[in-house]
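Please consider the structure shown below.

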Amino acid sequence: MSITANWSYPTSIRFGAGRISEIADACAAAGITKPLLITDRGLASMDITTKTLDLLEAAGLGRAMFSDVDPNPNEKNAEAGVNAYNAGGHDGVVAFGGGSGLDLGKLVAFLAGQTRPLWDFEDVGDWWTRADADAIAPIVAVPTTAGTGSEVGRASVITNSETEQKKIIFHPKFLPAVVICDPELTVGMPGFITAGTGLDAFAHCVEAFCSPHYHPMSQGMSLEGMRLVKEYLPRAFADGTDIEARAHMMSAAIMGATGFQKGLGAIHALSHPIGAIYHTHHGTTNAVCMPAVLQFNKPAIKHLIADAANYLGIAGGFDGFCAYVDDLNASLGIHKTLTELGIADPDIGRIVAGALNDPSTGGNPIEMTKENTTELLLAIV
Ligand SMILES: [Zn+2]
């Protein structure tokens, strides 16, 4: 089955195998004549990146790349990226990669024309209105994983390397003008990245679905996103060249990230400080946290999760869903504890403080306190 589509929601999305060939046309549609391709170091030398640069060069758009991007990108990466962007006289960004390349690419497009420092734009109240919106450069986003959904997000997650805190920088114009979702770009992902990123999409869907805020659109999207993960993540993990499974996982990623406008919760609230301090993979960390968070939230989400289980064809209501999550994690090689994840002696007080400060905390269906969050964290140590 070949899946090809053009969508205009939540932005212009060119979806289908082989559509990276439209990269120059996508830049033209976004009004970009001299793009800077931004990706991470690992992707910089890979064939899919070289091929994309070839396409840009052949179309007369130049061949410029910035790849000094850490797995959890920080303000130093952002500053170096802005310098490269301005020195090269670029007029837009091709954000290329997993969450790191996409988030840093979007951030550089945002920051290059601003006069205020980065942290002035943290997602607090209406701080985003401090930005000069007209100075924000257009973005074409090209995901090479299926999970973060940053390609359709209006924010970037960036680590403050001094405080080791993950911060969210938000502006409506972070939303890329054009997205190319080409599942062929994801076939080279190793299994543990397929698992970790796919489970990030799943965590977005589950947390958005359980968040108490009123947002029926997100509710529907999150539920169908869960179904796509259930059907297709095991297939993509078993056979990385299964293009149909890869395509559906790209859809699930978009749906999770669009859905979580409704809210996230304790999974992300814990995962953000853990990732910022110990540099663990975001999606994998979420997956380790999910079983304990489901139990933590049980009094508030029992019936909701039972509804989801029904839709997903999982027997046994809430408990059946939890058993399914345990089995899914085990089948994808996900560890059960932070110790197994390689964090020998986690700083409980610091992680809890980070979690309670994280914006995701506000979307959790049960109020998180120092006491109950400490208890929750100890359950996964
Ligand atoms: Zn996430």
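A residue is called buried when its relative accessible area is under 20%, exposed when that area is over 50%, and partly exposed in between. The model to which this is applied here is a predicted one. Phe15, with a relative accessibility of 1%, counts as buried by this cut-off. Trp7, by contrast, has a relative accessible area of 33% and is therefore partly exposed.

A pair of aromatic rings is described by the distance of the centres and the angle of the planes. The count in this model comes to seven aromatic pairs. In one of them, the ring centres of Trp7 and Phe15 are 4.8 Å apart; their planes stand at 40°, so this pair is tilted. For Phe202 and Tyr324, the centres are 6.3 Å apart and the planes are at 75°, so the pair is edge-to-face. Phe202 belongs to helix α6 (residues 191–210) and Tyr324 to helix α12 (residues 317–331), so their pairing ties together parts that are 122 residues apart in sequence. Phe202 has a relative accessible area of 1% and is buried; Tyr324, at 14% relative accessibility, also counts as buried. Elsewhere, one aromatic cluster is formed by Phe110, Phe121 and Phe174.

Leaving aside residues up to four places away in sequence, Phe202 touches Met226, Val229, Met290, Phe321, Tyr324, Val325 and Leu328.

Which residues coordinate the zinc ion? The donors come from Asp200 (OD), His204 (NE2), His268 (NE2) and His282 (NE2), at 2.1 to 2.2 Å. Along the chain, these donors follow the spacing D-x3-H-x63-H-x13-H. His268, in helix α9 (residues 266–278), and His282, in helix α10 (residues 282–296), are 14 residues apart, and this pair links distant parts of the chain. His268 is buried, its relative accessible area being 1%.

The geometry of the site remains to be classified. The angles among the four donor atoms run from 86 to 170°. Four donors count as tetrahedral only if all angles lie between 85 and 135 degrees, and the site of the zinc ion is irregular.

Technical notes:
Residues numbered from 1 in each chain as written. Predicted model: local features only at pLDDT ≥ 70, side-chain atom pairs only at ≥ 80, totals over all residues. Heavy atoms only, no water. Donors = N, O, S within 2.8 Å, 3.2 Å for Na, K, Ca; no water. Tetrahedral: all angles 85-135°; square planar, octahedral: opposite > 155°, others 65-115°. Helix = DSSP H or I, 4+ residues; strand = E, 2+ residues; numbered from the N terminus. Buried < 20%, exposed > 50% of the residue type's maximum accessible area, 1.4 Å probe, protein only. Contact = heavy atoms within 4.5 Å. Phe/Tyr/Trp six-rings, centres within 6.5 Å; stacked < 30°, edge-to-face > 60°.
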